[in-house]
Amino acid sequence: MITLNINGFEVEIKEGSTIYQAASSIGVKIPTLCHDERLKPHGSCRICVVEVEGARSLVASCSTPASNGMVVHTESESVITARREILDLMLANHPLDCLTCEKAGRCTLQDLCYQYDIEESSFDGKKKKYEKDTSNEFYYADQTKCILCGKCVYVCSQVQNTDAICFVDRGFETHVGTPFDLGLAKSTCVSCGNCVAACPVGALMPKRKEKFRYWEIDKVKTTCSYCGVGCQMELLVKDNKVVEVEPVKGHSNDGMLCVKGRFSYDFINHSSRLKKPMVRKNGVLEEVSWDEAYDVIANKITEVKESDGADAITGFSSARALTEENYLMTKLMRAVIGTNNIDHCARL
Amino acid sequence: MTNGIADIQKADALFVTGSNTTESHPVIGAQIKRAARNGAKLIVADPRKIPLAEEADIFLKIKPGTSIALHNAMMNVIINEGLQDDKYIRENTENYEELVESLKKYSLEYAAEITGVEAYLIREAAIMYASAEAASILYCMGITQHTNGTETVMSLSNLALITGNIGKVGTGVNPLRGQNNVQGACDMGALPNVYTGYQPVTNTGAREKFEQAWGVKLSDKIGLTVTETFKAIDEDRVKMLYICGENPMISDPDTHHAERALDKVFLVVQDLFLTETAELADVVLPAASFAEKDGTFVNTERRIQRVRKAVEAPGEAKPDWIIFMELMNRLGYEEHFNSAEEIFEEIRQLTPQYAGVTYERIKNKGIQWPCPTLDHPGTNVLHAGKPARGAGFLKPVEHLESLEIGEDKYPLVMTTGRMLYQYHTRTMTGKTEGINLIAPELYAEINPSLAQEKGITDGEVVKVTSRRGSVTMKAKVTDRVNKEVVFVPFHWDSGANVLTNGDELDKYCKIPGLKVTGVNIEKAD
Ligand code: SF4
Ligand code: SF4
Ligand code: SF4
């Protein structure tokens, strides 16, 4: 363990930790654009600079190791000046369309410009302009908004390990793209959206089926209902409707989702969902009340039990239903109907 | 899984077999790739050149249904090279001498002949697995969905045991569970032979415990499995079937047989949609989706995690547990739960593995069972120290040719599986437009030289025929599969499972041999 001082507070932390980690451990927030603890440090954005007493220049807190006796200031005058300069430069090459940008409300660039009072850039230069890549079914890439933090590229190559995207061209022309700029649909991209979740700005965005603002939604943390990985996710809800799904860091998913968990949620609100019980009458299924449906089932159970015994009734429970629901179905079959004829599709 | 998912990063070697992980369990697939890129050795065995094969140090393109021969030959190499863990074998296993004896006939040449994998690759894979400090086996339906699936798993566990790769971080024999809550359903005793926590219905003590808790007399007769049920309906032994959230019309083998049975029986189906199965029902009940209820799912690493209600269910749809409860009351059994949490509290009392878990404890992060007490942190690695009783027994198992193989009329082997973009029977993924655009229809992967022989071109419609029927689909000509193998994803109706065999079941767990079907393929006219 080593001890250092951050903004006047003593911090004790494991050797090898970064200044950023030390600050986080006592709740001191240092802004970042390119940092993600799953990635090898790459220090691209430098917005996380801090002042270390005795050091010749400001250091990037996300990649500089904390050392014993270090004295750190995270919001000193020189730090603020440096951050303002970085933001000023970024904004020089970024559209100012926050009014209509879908990222508004959870854009790190927007938040930092607000925090450090940058209204517009003091530079007046050429702005980049790219066609949006909308070829992927589930998300789009708008390189005009990219701040080249690199997170998406590294998430794809180090976390998702698909290597679908990379930096293309050099200098002012540098942008994130696919090999030979063939577009996402023709790339090896598996539509996991993990790069999208990492992008700090509106350059990578899920395609929306309806309009919403991030401040209008409620977030509900839950578990994916598809495969057995059990990824943790948040459902974004507006007006009783799931409008987006985002990954959450859980034990099994390391902040990732796949295309099914992330983008295949349309079934929830689908018009063909069953809304009323149905009973077959004269060969066709007709909508009935719950009461009637329960009566039909209960009568049939009683009838079969009387004529053929409880073992003439079988139940298939569901590997998709809740644990609690599986329990209750086994109890229905075993305790109420009186048979061990209960199974589910574990084998299929 | 015997070991947690995060353990994948701690293994020095990974043996992935019968699992197309990057498509069926994509987020675990990504973690396997990451481990391989960070230096772990990766061995992949599969009949298809799956995406993970590209990352592998050794790829074994194995004939479907021949894994036992592969595993036995690997063990034989390990023993001949003296790479077994003698100390572990001595202290933790039984029956080693007999196992060694049974392996002798599995020479590299013999195994190469059966599996279609070159002998030197089998040898290298064995040495790579056995020389690793910690080696983990990850497997899925490619191992289990065979008429000798249970024995195939036994041979994998023998491999792990003789090298001491069990009970330690980064090791284990790890089945990847296909559906979100298969683990939870099994834990709850949604199986014909056990109550919750795998307490046998035939055990008097267990039965008495549940009789007391539930206040009724219980049957000691083991019930019917899904696959046995259809036969029982045929034979008039089952008159009523209550299906909650399953779609056997697509997921079960031999669709025609399943359809006859579902038509005949009095059928209740409880689901989100009017599925292919629900269309045959006498009563259909509308259920709430996972986004519309509170509760838990248990993932493949035995982690009990929270599910939370985000939206209201449409129309009169209700959570399954409310439907069951109301029906129980209708049948004269008093049951009053106000929430899934109250049900969970009852489960805890009856299930030792769950006893220490509460909703409060899993509010932020799930807990892996066994978790016997409230101050127990949960269990990441099973069989730590000594394997559970019985688990250390080295049972010799022999390769057996599937009955589907070897008839001239059906010279090819069809194997089924999943694809990334669709899920199971598509009742959910099939509602997303983008998904259907990318994965619109059924297809058969066939090898270029087979295609040439039969005059089939890529994208052309072909007819695949087995003993049970014929299905037409598009051909995808690719060297992902070898010449004698045809791959068909099972997600679509009137598809792969029209062809599969539902009669031959694994003698231990009654799993059908979905991964090996004798077929022929012709251009459709
Ligand atoms: S969606 Fe996934 S695979 Fe595609 S570019 Fe992003 S991270 Fe890579
Ligand atoms: S697209 Fe987003 S994540 Fe990727 S480099 Fe640009 S700003 Fe960063
Ligand atoms: S997000 Fe994908 S990998 Fe994760 S649980 Fe859902 S289906 Fe499985």
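Around ligand 1, in what is a predicted model, stand A:Y139, A:C156, A:T162, A:A164, A:I165, A:C189, A:V190, A:S191, A:C192, A:G193 and A:C195. Sorted by class, this shell is made up of eight nonpolar and three polar residues, with no charged residue among them.

Ligand 2 has a shell of 14 residues, of which A:C146, A:C149, A:G150, A:C152 and A:C199 are the closest. Here the division is into eleven nonpolar residues, two polar ones and one that is charged.

Ligand 3 lies between chains A and B, and its surroundings draw on both of them: chain A supplies A:C224, A:Y226, A:C227, A:V229, A:G230, A:C231, A:L257, A:C258 and A:G261, while B:P26 and B:V27 come from chain B. The shell around ligand 3 counts nine nonpolar residues and two polar ones, and no charged residue takes part in it.

From the ligands we can turn to the helices. Two packed helices are described by the angle between their axes and by the distance between those axes. Within chain A, helix α2 (residues 77-92) and helix α3 (residues 108-115) have axes that come within 10 Å and cross at roughly 130°, and the two helices α2(A) and α3(A) are therefore oblique to each other. The crossing in which α2(A) passes α3(A) is left-handed. On the side of α2(A) the contact is made by A:L87, A:M90 and A:L91, and on the side of α3(A) by A:L109, A:L112 and A:C113. The residues of this contact between α2(A) and α3(A) divide into six nonpolar, no polar and no charged.

From α8(A), the residues A:E325, A:L328, A:M329, A:K331, A:L332 and A:V336 meet B:D320, B:W321, B:F324, B:M325, B:L327 and B:M328 of α15(B). By class, the contact of α8(A) with α15(B) has nine nonpolar residues, no polar ones and three charged ones.

Because A:E325 lies in helix α8 (residues 323-337) of chain A, whereas B:K293 lies in the loop between β8 (283-286) and β9 (295-298) of chain B, the pair joins two chains. Over all chains, the structure holds 44 salt bridges.

Two features of the backbone remain to be considered. Most residues other than glycine have a negative phi, and most peptide bonds are trans. A:R46, although it is not a glycine, has a positive phi of about 65°, and A:R46 is found in the loop that runs between α1 (19-25) and β3 (49-52) of chain A. In chain B, the peptide bond from B:W369 to B:P370 is cis, with omega near 0°, and B:P370 is likewise found in a loop, the one between β11 (367-368) and β12 (412-417) of chain B.

Definitions and conventions
Residues are numbered from 1 along each chain as its sequence is written. Chains are lettered from A and ligands numbered from 1 in the order in which they are written. This is a predicted model: local features need pLDDT of at least 70, side-chain atom pairs count only at pLDDT 80 or more; totals for chains, interfaces and linings use all residues. Side-chain values use heavy atoms; hydrogens and water are left out. Axes are lines fitted to C-alpha atoms, for helices over the stretch in contact, and angles run from 0 to 180 degrees between N-to-C directions. Helices (H or I, at least four residues) and strands (E, at least two) are DSSP runs, numbered from the N terminus. Angles under 35 degrees count as roughly parallel, over 145 as roughly antiparallel, 65 to 115 as roughly perpendicular and the rest as oblique. A crossing is left-handed if the near helix is turned anticlockwise from the far one by less than a right angle, and right-handed if clockwise. Contact means heavy atoms within 4.5 Å. Ala, Val, Leu, Ile, Met, Phe, Trp, Tyr, Cys and Pro count as nonpolar, Asp, Glu, Lys and Arg as charged, and the others, Gly among them, as polar. A residue is near a molecule or strand if one of its heavy atoms lies within 4 Å of it. A salt bridge is a side-chain nitrogen of Lys or Arg within 4 Å of a carboxyl oxygen of Asp or Glu.
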